[in-house]
Amino acid sequence: MSNKITYQDAGVDVHRGYEAVSKMKEHVKSTFTDGVLTDIGSFGGSYSIAKYMGMEEPVLVSGTDGVGTKLKLAFDLNKHDTIGIDCVAMCVNDILCSGAIPLFFLDYIATGRISPEQVAEIVKGIAIGCKESLCALVGGETAEMPGFYKDGEYDVAGFAVGIVDKAKMIDGSKMKAGDVIIGLRSSGVHSNGYSLVRKIIDTYKLDLNAYCEELGETYGEAFLKPTKLYVKAVMAAKEAAELKGIAHITGGGFIENVPRMLPEGVDARISLNAIDAPKVYTLLEKLSGLEINELYNTFNMGIGMMIVTAKEDADKVVEALCKVGEEATIIGEIVEGNKEVILCQD
């Protein structure tokens with residue numbers, strides 16, 4: 001046979017990959033911290049933990065996650081510069097719950113056909129998220145998979161590693177009845193419940209580019225708002241007092257996530273009247289017709305993270321959080337029980 005079939009004939013253009021790497025370099029390098037030992041393009045990202053060797057027993061904490069079907073809204077709006085923030089936040093906010101300080105992050109982007117400009121926008125968002133989280137983007141992978149994804153579509157996932165002294169890990173073991181629950185406000189829907197959000201958009205034929213008086217912004221701006229990063233907030237809270245538990249409110253809302261920080265023998269009693277939910281939740285409640293318990297079992301409902309501390313330390317922690325620009329409020333207390341969430345209207 002005289003005819004040859006090239007990789008490009010199969011739909012993979014390595015030159016687009018090279019161009020994508022070139023365009024993302026400045027964003028990646030902007031995240032580098034003192035611990036980064038390797039440059040862009042190495043087979044593995046290396047990070048020195050020498051500055052943490054003063055810890056009695058350093059423990060590495062890892063987390064991985066993706067953005068989910070929120071990506072569909074990014075495709076529809078052709079806006080890709082914030083989705084990377086979501087990816088970082090979903091991973092980093094999880095490892096914070098153990099009290100870990102994020103060290104570094106890696107990303108994975110898969111697409112049917114590499115668009116260097118699109119990939120650069122995604123990585124730009126990832127870099128913003130990493131810098132806000134005080135961690136370095138030390139590596140990643142951009143995979144071109146023709147025929148697997150539709151043109152213009154992609155998936156993005158990430159992996160974060162943090163460190164904490166074992167003696168200072170937050171595991172809920174010191175929690176007891178009488179402790180106070182502090183809620184940290186969310187920026188909006190964050191990155192969970194989007195299959196339902198998209199169903200509502202389709203059912204009511206909402207135009208993502210249309211301005212909504214009720215929201216004070218377009219539907220697209222409200223629904224694509226990136227997940228809030230809580231690294232600086234948790235670091236400030238840890239400096240102020242001992243934290244007994246932290247819960248990142250992601251998929252499953254309050255009902256599934258809060259019990260993950262509770263030890264045996266206690267419940268979390270939460271006052272719904274203490275929560276000032278973003279306007280987007282008033283809209284979702286109205287359009288979905290869901291009952292309160294269903295809403296709080298799906299969305300964060302305005303609280304992206306919860307912190308538990310002793311009653312006598314609560315005001316100090318709230319003050320420390322407010323000093324770093326966090327909207328923090330006492331929203332409940334720990335009571336005797338069976339690792340359940342009690343939603344109250346008082």
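Reader: In this predicted model, in which loop is N78 found?

Author: The backbone of N78 has a phi near 50°, a positive value in a residue other than glycine. With a relative accessibility of 60%, N78 counts as exposed, since the cut-off for that class is over 50%. As for its place in the chain, N78 is found in the loop between α2 (71-77) and α3.

Reader: M301 has a positive phi as well; is M301 buried or exposed?

Author: The phi of M301 is near 55°, and M301 is a residue other than glycine. M301 is found in the loop between α10 (292-296) and β10 (303-309). Its relative accessible area is 4%, and because the limit for the buried class is under 20%, M301 is buried.

Reader: How many of the 14 residues of α3 are buried?

Author: Helix α3 covers residues 83-96 and reaches 20 Å from its first C-alpha to its last, close to the 20 Å expected at 1.5 Å a residue. The helix is largely enclosed by the rest of the structure, because the number of its 14 residues that are buried is 13.

Reader: What separates K23 and E19 along helix α1?

Author: The side chains of K23 and E19 meet in a salt bridge, with 4.0 Å from N to O. K23 is partly exposed at a relative accessible area of 31%, and E19 counts as partly exposed at 36%. Because the two residues are 4 residues apart in helix α1, what separates K23 and E19 is about one helical turn.

Reader: How many residues apart in sequence are the parts that D39 and K29 tie together?

Author: The side chains of D39 and K29 meet in a salt bridge at 3.6 Å, N to O. D39 lies in the loop between α1 and β1 (58-66), whereas K29 lies in helix α1. Both partners are partly exposed, D39 with a relative accessible area of 41% and K29 with one of 44%. The pair therefore ties together parts whose separation in sequence is 10 residues.

Reader: How far apart are the closest N and O atoms of E217 and K225?

Author: E217 is buried, with a relative accessible area of 17%, while K225 is partly exposed, with a relative accessible area of 30%. Side chains of opposite charge can pair when their charged atoms come close. E217 forms a salt bridge with K225, and the distance between the closest N and O atoms is 3.0 Å.

Reader: Turning to the pockets, which residues lie nearest the centre of the largest pocket?

Author: About 650 Å³ of space lies in the largest pocket, and its lining consists of 28 residues. The elements that give two or more residues to this lining are α1 (14-29), β2 (101-111) and β3 (136-144). By class, the lining has 15 nonpolar, 8 polar and 5 charged residues. Nearest the centre of the largest pocket lie V21, G41, G140, E141 and T142.

Reader: Which element gives the largest share of the lining of the second largest pocket?

Author: The second largest pocket has a volume of about 430 Å³. Its lining is made up of 19 residues, of which A167, K168, M169, I170 and K238 lie nearest its centre, and the elements that give two or more residues to it are β4 (154-165) and β8 (243-248). In terms of class, 10 of the lining residues are nonpolar, 2 polar and 7 charged. The largest share, 3 residues, comes from β4.

Reader: How far apart do the end C-alpha atoms of residues 59-164 lie?

Author: UniProt, in an unreviewed entry, places the feature "domain: PurM-like N-terminal" at residues 59-164. In the model this span is 36% helix and 37% strand. The distance between its end C-alpha atoms is 5 Å.

Technical notes. Residues are numbered from 1 along each chain as its sequence is written. This is a predicted model: local features need pLDDT of at least 70, side-chain atom pairs count only at pLDDT 80 or more; totals for chains, interfaces and linings use all residues. Side-chain values use heavy atoms; hydrogens and water are left out. On a 1 Å grid over the protein atoms alone, a cavity is a set of points where a 1.4 Å probe fits but cannot get out, and a pocket is an open set with protein on both sides within 12 Å along at least five of seven lines; lining residues have an atom within 4 Å of a point. Grid points are joined across faces, edges and corners, and a volume is the space filled by probe spheres set on the points. Ala, Val, Leu, Ile, Met, Phe, Trp, Tyr, Cys and Pro count as nonpolar, Asp, Glu, Lys and Arg as charged, and the others, Gly among them, as polar. Buried means under 20% relative accessible area, exposed over 50%, partly exposed in between (1.4 Å probe, protein chains only). The expected span of a helix is 1.5 Å times one less than its number of residues. UniProt positions are given in the numbering used here, feature names are shortened, and annotations may be inferred rather than shown by experiment.
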